[in-house]
Amino acid sequence: MADQLKNPKKQFQLNPNWAQLRQQLNSNGFQKQLSNPSETENPNSILGKRKSRSSDDSGDATPNPLIPTSSDSSVTDVIGMDCEMVGVSSVGNRSALGRVTLVNLWGNVIYDEYVRPVERVVDFRTKISGIRPQHLKKAKDFRVVQKEVAELIKGRILVGHALRNDFKALLLGHQKQDIRDTSEYKHFLREGRSRALRNLATEVLGVEIQNGEHCPIEDARAAMMLYLKHRKEWEKSIKDFARLKEKQKKRKPKKKRGV
């Protein structure tokens with residue numbers, strides 16, 4: 001007992017077997033294995049290997065409806081359009097076409113061009129339009145773009161928001177029965193007044209757009225998605241209105257009685 005008190009280290013000396021095991025573990029990189037436990041898991045265990053969960057698998061994230069679900073980039077019977085304007089005239093307070101984008105039924109881009117206006121650009125309106133001087137250096141002339149857009153939309157249903165502004169900038173018209181304007185559709189009005197595309201996208205589609213510089217691709221897709229959500233009812237109302245007008249035309253005017 002006295003010997004043990006005089007030499008306490010001798011009492012707690014490691015068993016030679018444990019010392020040998022510790023040396024083997026250190027030589028085999030045990031610390032490295034601990035830092036990567038997936039390498040030391042037993043593939044034959046009852047629980048098996050746990051699958052790592054990515055942040056996208058949380059189940060809370062909802063898909064963005066503005067991202068096309070098809071790679072089809074064909075020119076469909078329904079086309080969405082959006083334009084961005086720049087300022088011309090001496091003080092830049094008159095709008096001219098600076099960019100025009102067309103998307104198909106699936107939201108895929110079928111036409112997207114910057115436009116060089118006929119008049120000199122005074123205000124690029126970059127904070128809203130996203131257009132910068134370098135974009136117009138190699139842009140197509142207005143007349144070329146006007147002709148190409150006219151050919152693409154001819155005879156097709158055209159979807160957009162406040163399309164009258166786009167038609168004015170393009171100096172184009174379109175058949176009234178083929179226009180689907182989300183700023184005028186009855187279900188998108190509030191107290192008979194049109195609402196901003198940004199607000200409709202947030203409320204109806206659950207997405208935020210136009211936070212800063214506008215993207216005509218995003219805006220055209222938003223208008224298309226709004227249309228598709230109400231497409232069946234929208235098209236039915238147009239057909240019903242056309243039938244009503246046709247019936248009114250066929251009605252014979254009443255003969256006036258002689259005095």
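Which residues form one aromatic cluster? In this predicted model, the cluster consists of Tyr-185, Phe-188, Tyr-227 and Trp-234. The structure as a whole holds four aromatic pairs. One of them joins Tyr-185 and Trp-234, whose rings are stacked, with 4.0 Å from centre to centre and 15° between the planes. This pair links distant parts of the chain: Tyr-185 belongs to the loop between β6 and α9 (197–205), whereas Trp-234 belongs to helix α11 (residues 231–250), and the two are 49 residues apart. Tyr-185 has a relative accessible area of 4%, and Trp-234 has 6% relative accessibility. Both residues count as buried because each value is under 20%.

The sheet may be considered next. Six strands make up an open sheet with mixed pairing, and their order is β4-β3-β2-β1-β5-β6. The edges are formed by β4 (140–141) and β6 (179–181), each of which pairs on one side only. Strand β3 (residues 109–116) pairs with β4 in the parallel sense over two bridges. Within this region, Arg-116 has Asp-141 in β4 as its bridge partner.

Helix α8 (residues 163–170) touches β1 (78–88), β2 (94–103), β5 (157–160) and β6, and its direction makes about 65° with that of β1. Helix α10 (residues 216–229) lies across β1, β2, β3, β5 and β6, and it runs at about 140° to β1.

The cysteines complete this account. The number of disulfides is zero. Cys-83 is buried, with a relative accessible area of 7%, while Cys-215 is partly exposed at 30% relative accessibility.

Methods:
Residues numbered from 1 in each chain as written. Predicted model: local features only at pLDDT ≥ 70, side-chain atom pairs only at ≥ 80, totals over all residues. Heavy atoms only, no water. Disulfide = S-S within 2.5 Å. Buried < 20%, exposed > 50% of the residue type's maximum accessible area, 1.4 Å probe, protein only. Pairing = 2+ DSSP bridges. Helix = DSSP H or I, 4+ residues; strand = E, 2+ residues; numbered from the N terminus. Contact = heavy atoms within 4.5 Å. Axes fitted to C-alpha atoms, helices over the stretch in contact; angles between N-to-C directions. Phe/Tyr/Trp six-rings, centres within 6.5 Å; stacked < 30°, edge-to-face > 60°.
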